[in-house]
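The structure comes first, and the description follows.

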Amino acid sequence: MRRILVLGTALAAIGAPLQAQTPESVIARAVTAYKSISSMRGTFEQTLRNPLTGTTHTARGDFQQRFPDRLAVLFSDPKGDQIVVNGAVAWLYLPSTNPGQAMKVPVGASGGSLNITEQFLTSPAARFTMKDAGTAMIGDRATHAVLLTPKTPIPEFSQATVWVDDASGIIRQFEIIEPTGLVRRIRLVDARVNAQVDPAVFQFRAPKGVQIIDHSVHPPGH
């Protein structure tokens, strides 16, 4: 049944007059597409740009996601970095920047979510003003881009642009401006919908000798 729903979404998109798409209809189509997805896995590329220093850093890796609350991001560059969300807790192990430490953070402890895609698609009409940001090819996929500006401040970003696949409704790329001014862009190089995922990747195991900084015991700011 899920495959039929995904196929139906794709056919509806192909048959639609693309030039007539509005930002609201593009986001609505993404919302519908994600309702039929139980899992996703693939590869990604992340670019982090600091406008103040003019520096840009690029990272790459694999991801596996089981909706609604499991996520594993395993970096190949910088090798060894990990972000693992098991539903209740997010583990951030980033030896490239914080060697010898791993942070344990309750999901939603700061009022936000590490699942940024969820932020875009949860009650979007009520939460964002939307503006057409043009069309683009992301890899070999035709997309429509939408600029999202929160109607009220949220912790994750002050502005976001999402590129939605014309055929499937999947978000192929997004860019957010973080509260610090950093610009983070993530592109899904490969994304397999409803693919089998490995349950073991959602359980973080700290390497021997790594110090655990447990924010569930001492939340940030306390």
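Aromatic pairs

The count of aromatic pairs comes to seven, where rings of Phe, Tyr and Trp (its six-membered ring) pair if their centres lie within 6.5 Å, and planes under 30 degrees apart count as stacked, over 60 as edge-to-face and the rest as tilted. One of them is Y34 with F67: the ring centres are 6.2 Å apart and the planes stand at 70 degrees, so the pair is edge-to-face. Y34 belongs to helix α2 (residues 23–35) and F67 to the loop between β2 (55–66) and β3 (70–77), so the pair ties together parts that are 33 residues apart in sequence. Helices (H or I, at least four residues) and strands (E, at least two) are DSSP runs, numbered from the N terminus.

This is a predicted model: local features need pLDDT of at least 70, side-chain atom pairs count only at pLDDT 80 or more, and totals for chains, interfaces and linings use all residues. Residues are numbered from 1 along each chain as its sequence is written, and side-chain values use heavy atoms, with hydrogens and water left out.

Y34 is buried, at 12% relative accessible area, whereas F67, at 23%, is partly exposed. Buried means under 20% relative accessible area, exposed over 50%, and partly exposed in between (1.4 Å probe, protein chains only).

The rings of F128 and F157 have planes at 15 degrees and centres 6.1 Å apart, so this pair is stacked. F128 is in strand β7 (residues 128–138) and F157 in the loop between β8 (141–150) and β9 (159–165), 29 residues apart. F120, F128, F157 and F174 form one aromatic cluster.

| Residue | Relative accessible area | Class |
|---|---|---|
| F128 | 3% | buried |
| F157 | 1% | buried |
| V183 | 7% | buried |

Nonpolar cores

A nonpolar core is a set of buried Ala, Val, Leu, Ile, Met, Phe, Trp, Tyr and Cys residues joined through side-chain atoms within 4.5 Å. The largest has 35 residues, and F120, L148 and V162 have the most contacts inside it. Helix α2 gives the most to this core, with five residues. Leaving out residues up to four places away in sequence, L148 touches I27, F120, F128, T129, M130, Q159, A160 and V162; contact means heavy atoms within 4.5 Å. A second, separate core has seven residues, including W91, A102, F204 and V210.

Around V183

V183 is located in strand β11 (residues 183–193). V183 and P51 are 132 residues apart in sequence, yet 7.7 Å apart in space, C-alpha to C-alpha. Beyond four places away in sequence, V183 touches residues including T47, L48, R49 and P51.
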